[in-house]
Amino acid sequence: MFSILDIVRRDAATYYEYDSNNRVGRGKTLGVFAIFAVLVGAAVGDASNDFLAGALSAEAILVGFSFNVLFYLVANRLTKPATYASIEHELRFERLSKLSDEVFDNVTYFNLVAISSAIAALALLLIGSDGFNANLHKIAAFLECRTRITREALSWANSIVRSIGLAVLVFLLAESIYT
């Protein structure tokens, strides 16, 4: 069984220079994505339902395709032959086996990121729905008669949560596009 951390580590191990076999760090890329996501979340503040529905649909379709690739990779695992016709045949088998494992790790990580971004888009759609806002106003009315919390404060908190959610969604979309 894979843990989320194991999936992230195995994906990170697939980024290396082919000639020197030196690992390529992803910290700078993730940092740029994070800064970009925070800037977009702060600048836009709230995403339209059309954007969120489009992001949700696109990620769901891509997850379906990538699961198809995963099933193909699992079903067609390379089995090591008892003997090789030549040294080149053995080297080719080892190379193809390594590449197959790396593609499996990359697609698994993509699925993790894409499903996370689909969940984030769905959560933002639900938070922005009319039913959620109506319930938020009911909660505000209830709290106003018991405390000093006003509707503006709850509305403001809702806006902050949606901005943070948008930043998380933008980060996950950027990471899924990169992956």
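Visitor: Hi! How many salt bridges does the structure hold?

Guide: Hello! The structure holds three salt bridges. Keep in mind that the model is predicted.

Visitor: Okay, which residue does Asp105 pair with, and how far apart are the closest N and O atoms?

Guide: Asp105 pairs with Arg10, and their closest N and O atoms are 3.0 Å apart.

Visitor: Is Asp105 buried or exposed?

Guide: Asp105 counts as buried, because its relative accessibility is 10% and the cut-off for buried is under 20%.

Visitor: And what about Arg10, what is its relative accessible area?

Guide: For Arg10 the value is 33%, which makes this residue partly exposed.

Visitor: Let's move on to Arg26. Which residue does Asp11 meet in a salt bridge?

Guide: Asp11 meets Arg26, with an N to O distance of 3.9 Å. Asp11 sits in helix H1, while Arg26 is in the loop between H1 and helix H2 (27–44), so the two tie together parts 15 residues apart in sequence.

Visitor: Why does a pair at 3.9 Å get counted as a salt bridge?

Guide: The limit is within 4 Å, from a side-chain nitrogen of Lys or Arg to a carboxyl oxygen of Asp or Glu, and the Asp11 and Arg26 pair is at 3.9 Å.

Visitor: What happens between Arg26 and Glu175?

Guide: Their side chains also meet in a salt bridge, at 2.8 Å from N to O. This pair links distant parts of the chain, with Arg26 in the loop between H1 and H2 and Glu175 in helix H6 (residues 151–178), 149 residues apart. Taken together, Asp11, Arg26 and Glu175 are linked in a network of salt bridges.

Visitor: Are those residues buried or exposed?

Guide: Asp11 and Arg26 are both buried, and Glu175 is buried too.

Visitor: New topic: what is the phi of Asn21?

Guide: Asn21 has a positive phi of about 65°, although this residue is not a glycine. You will find Asn21 in the loop between H1 and H2.

Visitor: Last one, the helices. At what angle do H3 and H4 pack?

Guide: Helix H3 (residues 49–75) packs with H4 at about 155°, and their axes are 8 Å apart. The two helices are therefore roughly antiparallel to each other, since angles over 145 degrees count that way.

Visitor: Is that crossing left-handed or right-handed? And which residue classes are in the contact?

Guide: H3 passes H4 in a left-handed crossing. Their contact has 21 nonpolar, six polar and one charged residues.

Conventions
Residues are numbered from 1 along each chain as its sequence is written. This is a predicted model: local features need pLDDT of at least 70, side-chain atom pairs count only at pLDDT 80 or more; totals for chains, interfaces and linings use all residues. Side-chain values use heavy atoms; hydrogens and water are left out. Buried means under 20% relative accessible area, exposed over 50%, partly exposed in between (1.4 Å probe, protein chains only). Helices (H or I, at least four residues) and strands (E, at least two) are DSSP runs, numbered from the N terminus. Axes are lines fitted to C-alpha atoms, for helices over the stretch in contact, and angles run from 0 to 180 degrees between N-to-C directions. Angles under 35 degrees count as roughly parallel, over 145 as roughly antiparallel, 65 to 115 as roughly perpendicular and the rest as oblique. A crossing is left-handed if the near helix is turned anticlockwise from the far one by less than a right angle, and right-handed if clockwise. Ala, Val, Leu, Ile, Met, Phe, Trp, Tyr, Cys and Pro count as nonpolar, Asp, Glu, Lys and Arg as charged, and the others, Gly among them, as polar.
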